[in-house]
Amino acid sequence: QLRAGRSRIIALLVLDMANPFFVDVAAGAERVARDAGLGVMLCNSAQSSDEEAEYLGLFSEQRVRGVLVTPADTSGRNLAGFRRQEIPFVTVDRVVPSAEGCSVSVDDVVGGSLAGRHLLDQGHERIVYVSGPLQLSQCQDRRTGVLRALAEAGLDEDRLTVLETRKLDVSAGRDAGARLLGMSPRPTAVFCANDLLALGVLQALFAAGVSVPDEIALVGYDDIEFASAAAVPLTSVRQPAVRMGRLAAELLIEETGPDAADHRHQRIVLQPELVVRGSSIA
Ligand code: RIB
């Protein structure tokens, strides 16, 4: 049972509240929290380390029961400071090594290699990776995965071109799509760090009359609901977002329970899977 007299609110601090991936994570966490008599307060760091720090300050002040967080601050400084507040936290979707603690994530290197291998198996000899902000370890790890797939196929790293974007949203995907159209030679295979980027790229290619997958094969990441409903159903590397939210909330509730000490560094790493659809197979 939960210690009496403390807050019955768990805070969930995500990178982008408009991203359906985090809505699914929140849905999973909320069900587990509710079954434990707790409520979930959803906050958005908008990928900003400063906004993350402000929210962590609010959680300290409000003495929430615990925090689930997808860190925006890749240095781990924000969470290291927050640890002094003695409020348990679990990182979701990323492991921040310096912050210790429990975490639930997916092996994004495996995820990137699934995407890379799939495109190479389709006969593509060069890949463009639309990366999102490379200070996020998820985006770095997905790139590492593509490089691993190239190496396993005996191909040189220069077969990979990285287009970094400042955000991981549809608008950044549209901008990346315009950049892709200006490349020479034109790419034939594009892997995006998440589905929102891929949907933006798809929109830009459609507007330019470029056919997907006949002229450019496209792969996303997360497998959000809209991926399968896109104009050309999107091939995507699936993250079990609802399950990640559930597991993270379960870990956190254990952390706030009587036998908390046993769980200090429990790291759950789940495996992604490739869901192949029309956007990547000619
Ligand atoms: O928030 C950016 C991305 O990181 C999400 O789409 C999801 O892939 C997470 O891992």
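The buried residues of helix α2 are Glu52, Leu56, Phe59 and Ser60. Buried here means under 20% relative accessible area, exposed means over 50%, and partly exposed lies in between, with a 1.4 Å probe and protein chains only. Seen down the axis of α2, these buried residues fall within an arc of 100 degrees, so they line one face of the helix. The arc is taken from the directions that run from the helix axis to the C-beta atoms.

Before I go on, this is a predicted model: local features need pLDDT of at least 70, side-chain atom pairs count only at pLDDT 80 or more, and totals for chains, interfaces and linings use all residues. Residues are numbered from 1 along each chain as its sequence is written, and side-chain values use heavy atoms, with hydrogens and water left out.

Back to α2. Helix α2 covers residues 49-62, which is 14 residues, and reaches 20 Å from its first C-alpha to its last, close to the 20 Å expected at 1.5 Å a residue. That expected span is 1.5 Å times one less than the number of residues. Helices (H or I, at least four residues) and strands (E, at least two) are DSSP runs, numbered from the N terminus. The face of α2 turned away from the buried side carries the exposed residues Asp50, Glu54 and Glu61. What covers the buried side? The cover over the buried residues of α2 includes β1 (9-14), β2 (39-44), β3 (66-69) and α3 (77-83).

Is glutamine 47 buried or exposed? Glutamine 47 has a relative accessible area of 14%, so it is buried. Not counting residues up to four places away in sequence, glutamine 47 touches Leu15, Asp16, Ala72, Pro133, Leu136, Arg166, Lys167 and Leu168. Contact means heavy atoms within 4.5 Å.

Now the sheet with β1 and β2 in it. This open sheet has 6 strands in the order β2-β1-β3-β4-β5-β11, with parallel pairing. Two strands pair if DSSP finds at least two bridges between them. The edge strands, each pairing on one side only, are β2 and β11 (267-270). From one strand to the next the twist averages 15 degrees. Strands β1 and β2 run parallel and are joined by 6 bridges; isoleucine 9 has glycine 39 in β2 as its bridge partner. In β1, 5 of the 6 residues are buried, so the strand is largely enclosed by the rest of the structure. Further along, β4 (residues 89-92) and β5 (residues 102-106) also run parallel, joined by 3 bridges, and threonine 91 is partnered by serine 103 in β5.

Proline 88 is in the loop between α3 and β4, and counts as buried at 14% relative accessibility. Proline 88 and leucine 252 are 164 residues apart in sequence, yet 6.8 Å apart in space, C-alpha to C-alpha. Leucine 252 is also among the contacts of proline 88, along with Arg6, Arg65, Gly66, Val67, Glu255 and Thr256, leaving aside neighbours within four places in sequence.

There is another sheet. Here 6 strands form an open sheet in the order β7-β6-β8-β9-β10-β12, and the pairing is mixed. Its edge strands are β7 (160-164) and β12 (273-275), each pairing on one side only. The twist averages 20 degrees from one strand to the next. β10 (residues 235-238) and β12 pair in the antiparallel sense over 3 bridges, with serine 236 partnered by valine 275 in β12. Helix α5 (residues 137-152) packs on the sheet, touching β6 (127-132), β7, β8 (189-192) and β9 (217-222), and its direction makes about 165 degrees with that of β6. Such angles run from 0 to 180 degrees between N-to-C directions, with axes being lines fitted to C-alpha atoms, for helices over the stretch in contact.

Last, the cores. A nonpolar core is a set of buried Ala, Val, Leu, Ile, Met, Phe, Trp, Tyr and Cys residues joined through side-chain atoms within 4.5 Å. Which members of the largest core, with its 72 residues, touch the most other members? They are Leu68, Ile127, Val190, Phe191, Cys192 and Leu218. Helix α9 (residues 241-255) gives the most to this core, with 8 residues. A second, separate core of 12 residues includes Ala11, Leu56, Leu79 and Ile87. Leu56 takes us back to α2, where it is one of the buried residues.
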